[in-house]
Amino acid sequence: MTSSDRNELLKRLEPFVHRLCFYLPKPAVEDAYDYLCSLTVRPSAARTLCPRRCPDLEPHRPVSGYGSRKARLVILGEAPGEAEDLVGYPFVGPSGLVLTAALRSLGVDREQVLITNVVRCRPPGNREPHPSEQKVCTEHLKNELTDLPQGLVVLTLGNVPLKFMRQSGTPGVTSCRGILLDSFRWQQSLVSAVIPTYHPSYVLRRMNRETIDLFVRDIREALGLALALRWPAFSSHFHESS
Ligand code: URA
């Protein structure tokens with residue numbers, strides 16, 4: 001990525017910064033913007049080609065999850081977009097600005113949670129990743145989660161990660177956002193609970209008080225639960241009842 005590509009990407013964020021300040025605290029939005037501006041291209045791993053080579057996914061450069069290795073909250077998106085593909089970190093374009101600002105408004109830095117995606121390579125034209133592509137990437141996600149403490153809370157952003165975690169029969173995010181989907185074990189008990197919320201790109205498209213407030217509320221809920229699961233009494237009760 002050249003520095004003019006980077007400047008172009010950051011320039012595209014500016015209109016969103018101004019609009020978001022109507023709905024989220026200005027310091028949180030500014031912190032989020034500064035954070036995204038501070039990122040340079042992720043070294044090594046993110047820039048190597050994916051050995052799995054899904055035929056349709058270009059340019060086969062995986063964008064791995066990023067955040068704390070002690071995180072109890074995992075924020076799971078769909079797949080990298082243009083900005084992520086260029087910079088090598090998840091959620092660093094306009095959607096990343098909303099997500100980062102919402103976290104900051106709750107006093108949380110991105111580095112305190114793990115932010116990742118169902119699929120690691122950018123689908124052409126930002127289309128939804130095919131089920132076969134999601135399947136190929138499952139092992140990668142599982143490896144990321146295995147490194148974290150047990151009893152994870154996963155906040156799913158939009159329908160793709162929600163359906164990926166819950167499989168068949170799950171209603172869409174508009175009917176179940178903010179609801180704690182417990183009693184669910186994904187990949188050998190790695191995950192204790194799933195909380196669905198909107199995809200930040202939907203939040204950006206709507207850009208109204210109600211949608212942004214619900215989005216922040218869901219994140220707060222997920223953070224609160226992730227914190228509660230650190231306490232053994234609560235945690236064992238939660239596991240027994242699941
Ligand atoms: N949208 C996603 O779902 N993930 C990203 O990393 C960026 C945009």
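Is the crossing of H2 and H4 left-handed or right-handed? I looked this up first in the predicted model. The crossing of H2 and H4 is right-handed.

**H2 and H4**

I then took the geometry of this pair. Helix H2 spans residues 26-38 and helix H4 spans residues 94-105. Their axes come within 8 Å and cross at roughly 130°. H2 and H4 are therefore oblique to each other.

I listed the residues that touch. H2 brings Ala28, Val29, Asp31, Ala32, Tyr33, Tyr35 and Leu36. From H4 they meet Gly96, Leu97, Thr100, Ala101, Arg104 and Ser105. I sorted this H2–H4 contact by class and got eight nonpolar, three polar and two charged residues.

**H1 and H2**

Next I checked helix H1, residues 3-20, against H2. The two pack at an angle of about 175°, and their axes are 10 Å apart. That makes H1 roughly antiparallel to H2.

On the H1 side I noted Arg6, Leu10, Leu13, Glu14, Val17 and Leu20. They meet Val29, Tyr33, Leu36 and Cys37 of H2. The H1–H2 contact divides into eight nonpolar, no polar and two charged residues.

**Ligand**

Which residues surround the ligand? I found Gly77, Glu78, Ala79, Glu84, Pro90, Phe91, Asn117 and His199 around it.

For Ala79, a backbone N or O atom lies 3.0 Å from a ligand nitrogen atom. For Asn117, a side-chain N or O atom is 2.8 Å from a nitrogen atom of the ligand. His199 places a polar side-chain atom 2.8 Å from an oxygen atom of the ligand.

Methods:
Residues are numbered from 1 along each chain as its sequence is written. This is a predicted model: local features need pLDDT of at least 70, side-chain atom pairs count only at pLDDT 80 or more; totals for chains, interfaces and linings use all residues. Side-chain values use heavy atoms; hydrogens and water are left out. Axes are lines fitted to C-alpha atoms, for helices over the stretch in contact, and angles run from 0 to 180 degrees between N-to-C directions. Helices (H or I, at least four residues) and strands (E, at least two) are DSSP runs, numbered from the N terminus. Angles under 35 degrees count as roughly parallel, over 145 as roughly antiparallel, 65 to 115 as roughly perpendicular and the rest as oblique. A crossing is left-handed if the near helix is turned anticlockwise from the far one by less than a right angle, and right-handed if clockwise. Contact means heavy atoms within 4.5 Å. Ala, Val, Leu, Ile, Met, Phe, Trp, Tyr, Cys and Pro count as nonpolar, Asp, Glu, Lys and Arg as charged, and the others, Gly among them, as polar. A residue is near a molecule or strand if one of its heavy atoms lies within 4 Å of it. A polar contact is a pair of N or O atoms within 3.5 Å; within protein, one must be able to donate a hydrogen and the other to accept it, and residues adjacent in sequence count only if both atoms are side-chain atoms.
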